[in-house]
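Please open the model in a viewer and keep the selection panel at hand.

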Amino acid sequence: MELKAKGFTSIKALLVEDIEVCRLVLSTFLLRLHCEVTLAMNGKEAVDLFLEGKKFDIVLFDKDMPVMTGPEAIVKIRAMGETDVKMVGVSADDHAMEAFMSVGADLFVPKPMRMEALGPIIQEVINKKKNDMV
Amino acid sequence: EFRPRPPPRVAPADSRTSGSEPSRLAMAAAALRAQLNALLANMFTTGMVDEQFQQLQSLQEDGGSASGFVAEVATLFIDDADRIIADIAALLDQPVVDFDKVDAHVHQLKGSSSSVGAQKVKLACMHFRQFYEAKSKEGCLMALALVRSEFCDVRNKFQTMMQLEQQIAACGPK
């Protein structure tokens, strides 16, 4: 499912989250930051999107999801050669940081993620994208 | 610090407007708005909701999200939590309790409650952990009772909040 902030399509974000209320809140934050948002309900859906050739600038993963967890999906996506896309782990689990960082995530943010935390992350992705285009 | 929105200013009634429908609706909306502000202030000062809930409200008030965003989030949370609590109760009702599944459900509720800013429910979920880690059925039942109690409190407040918002909207635009 794709959502688009009206008039702004600068950053393509993939949100991988099985809990509906968490998906709604985080996707709203991303739209507010002018991201083009795609939603996936678990790690396998995220992997399938990459296998279909979809490109994203940033992917936010919940940790524990049915079918495939966030860390498991990161392993598979990185193995496809997707080394440039920013991978962010998001979880309420106290032990999640190690699980994410050990498999190649760029960043871990504890739940609930606040706009104040997400804003600078998105800005960093924007800056990198501009630099890459130069 | 929670700062309630002031009720809209209502022009004093005079012989031309006293008793007119628009002025009655404006006065009704102001009274309802005052009730809503008092409710929200109470939810915040008692620790029932935290800054995350304020952030959701700010998103709606700033116009970055559709009106009804907070209500949608609250409704999703209520439905989700209702189901999870029922699932945990069913697991604890089994002769042999699958504590790993209890863990997974409590973790899910902790995630959703923290995302909506339902602080007391989140804290109750954190309190739960020691009992399923100890594989204590009795402890889990007590912890579930606390989770259920905190959830019922915040659910009632959210439902009242949504009813007041609907009544205010029915009074017409500001």
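This is a predicted model: local features need pLDDT of at least 70, side-chain atom pairs count only at pLDDT 80 or more; totals for chains, interfaces and linings use all residues.

A:Cys22 is buried, with a relative accessible area of 2%.

Select B:Cys152 next. The closest cysteine sulfur is again in B:Cys125, at 13 Å, which is too far for a bond.

Now display helix H5 (residues 119–133) of chain B together with helix H6 (residues 137–170) of chain B. Their axes are 9 Å apart and form an angle of about 175°, so H5(B) runs roughly antiparallel to H6(B). On the H5(B) side of the contact, select residues including B:Ala124, B:Cys125, B:Phe128 and B:Phe131; on the H6(B) side, the partners include B:Cys140, B:Leu144, B:Val147 and B:Phe151. The residues of this contact comprise 13 nonpolar, two polar and two charged.

Which residues have the most contacts inside the largest nonpolar core? They are B:Phe77, B:Phe128, B:Phe158 and B:Met161, in a core of 78 residues. Helix H3 (residues 69–92) of chain B contributes the most to this core, with 14 residues.

Centre the view on B:Phe158. Leaving aside residues up to four places away in sequence, B:Phe158 touches B:Met43, B:Val49, B:Phe53, B:Ala74, B:Phe77 and B:Ile78. Finally, select A:Ala46, A:Val59, A:Met68 and A:Met87, which are among the 21 residues of another, separate core.

Notes: Residues are numbered from 1 along each chain as its sequence is written. Chains are lettered from A and ligands numbered from 1 in the order in which they are written. Side-chain values use heavy atoms; hydrogens and water are left out. Axes are lines fitted to C-alpha atoms, for helices over the stretch in contact, and angles run from 0 to 180 degrees between N-to-C directions. Helices (H or I, at least four residues) and strands (E, at least two) are DSSP runs, numbered from the N terminus. Angles under 35 degrees count as roughly parallel, over 145 as roughly antiparallel, 65 to 115 as roughly perpendicular and the rest as oblique. Contact means heavy atoms within 4.5 Å. Ala, Val, Leu, Ile, Met, Phe, Trp, Tyr, Cys and Pro count as nonpolar, Asp, Glu, Lys and Arg as charged, and the others, Gly among them, as polar. A nonpolar core is a set of buried Ala, Val, Leu, Ile, Met, Phe, Trp, Tyr and Cys residues joined through side-chain atoms within 4.5 Å. Buried means under 20% relative accessible area, exposed over 50%, partly exposed in between (1.4 Å probe, protein chains only). A disulfide is a pair of cysteine sulfur atoms within 2.5 Å.
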